[in-house]
Amino acid sequence: MNMVLTANKRQKGRHSSLTELRLNGAIPGVVYGFQMEPTAITLDARAFAKILAAHGTKSVFQLDVEGQRINAVLTEVQRCALKGNVKHVDFKSINMSQELEVDIPVTVIGDAVGVAEGGFLLQPNREVLIKVKPTEIPETIEIDATNVAIGSSLYVGDIRQQFPFEILHEDDYTLVTITPPAAENVQEDDTVDDTPEVIEATGQNTDEPRG
């Protein structure tokens, strides 16, 4: 489903002009790609935040740039390190009849047997790069970790055939791994006494006066 975002063209200017735009409730950005020159734009910050919260960053957006409709995907969202608000966005216009490459978040489902046995579930990689038609981009990829035991992992090679799109990572790209529980404390009987051993000298009685 396409999300319509109204955008206005803007003149590239100084840093101070970008700051003024943000203070007035706008987000500077750029759109580039299929059948268009890179174009500087502005978006309404509230409208963008609302549509982003509802549909996420992986959707196909329809930019209405002063009457011109452009199908585009988000390629970058820059945020303020302190406040977290959006500072700048990059859109890439796309050909809706061609597949594109996009990173999709991974959602782990199922209660792993390794966790039930006391292990810890880790996700070394939380996104996968896929090649898919723009109209078929999923919000997330669900992978079932039910049968993953302690010391075992789930790789792209294990789930590749479960989806109708192409996953571009190698088969050994790790999605889930179950690590063993922390080692138990060594029992008192097995502790090593590291008290220095006192070795008595032989052949000489140190209590006798020397002649």
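In which strand does Val 128 lie?

Analyst: Val 128 belongs to strand β9, residues 127-132; strands are DSSP runs of E of at least two residues, numbered from the N terminus. The model is predicted, so local features need pLDDT of at least 70 and side-chain atom pairs count only at pLDDT 80 or more, while totals for chains, interfaces and linings use all residues. Residues are numbered from 1 along each chain as its sequence is written, and side-chain values use heavy atoms, with hydrogens and water left out.

Val 128 is buried, because its relative accessibility is 2% (buried is under 20%, exposed over 50%, partly exposed in between, with a 1.4 Å probe and protein chains only). Leaving aside residues up to four places away in sequence, Val 128 touches Val 102, Asp 103, Ile 104 and Val 106, as well as Ile 141, Ile 167, His 169, Tyr 173 and Leu 175; contact means heavy atoms within 4.5 Å.

Two of the sheets in the model can be set out next. In an open sheet, three strands follow the order β8-β13-β11 with antiparallel pairing, where two strands pair if DSSP finds at least two bridges between them. At its edges are β8 (120-122) and β11 (153-155), each pairing on one side only. Neighbouring strands here are turned against each other by 10° on average, direction ignored (axes are lines fitted to C-alpha atoms, and angles between N-to-C directions run from 0 to 180 degrees). Three bridges hold β8 in antiparallel pairing with strand β13, residues 174-179; Leu 122 has Thr 177 of β13 as its bridge partner.

The other is a closed barrel of six strands, running β1-β3-β2-β6-β5-β4 with mixed pairing. From one strand to the next, the twist averages 45°. Strand β1 (residues 3-9) and β4 run parallel and are joined by five bridges, and Leu 5 stands opposite Leu 63 in β4.

Two loop residues follow. Gln 35 sits in the loop between β2 (26-33) and β3 (36-44), and its phi is positive, about 55°, although it is not a glycine. Glu 66 occupies the loop between β4 (60-65) and β5 (68-79) and likewise is not a glycine, with a positive phi near 50°. Most residues other than glycine have a negative phi. Gln 35 counts as exposed because its relative accessible area is 70%, and Glu 66 is exposed at 52%.

A pocket is an open set of points on a 1 Å grid over the protein atoms alone where a 1.4 Å probe fits, with protein on both sides within 12 Å along at least five of seven lines, and lining residues have an atom within 4 Å of a point; the volume is the space filled by probe spheres set on the points. Twenty residues line the largest pocket, and Val 73, Leu 74, Thr 75, Leu 100 and Glu 101 lie nearest its centre. Elements giving two or more residues to this lining are β5, β6 (86-93) and β7 (100-109), and β5 provides the largest share, five residues. The lining divides into eight nonpolar, six polar and six charged residues, where Ala, Val, Leu, Ile, Met, Phe, Trp, Tyr, Cys and Pro count as nonpolar, Asp, Glu, Lys and Arg as charged, and the others, Gly among them, as polar.

Conventions: Helix = DSSP H or I, 4+ residues; strand = E, 2+ residues; numbered from the N terminus.
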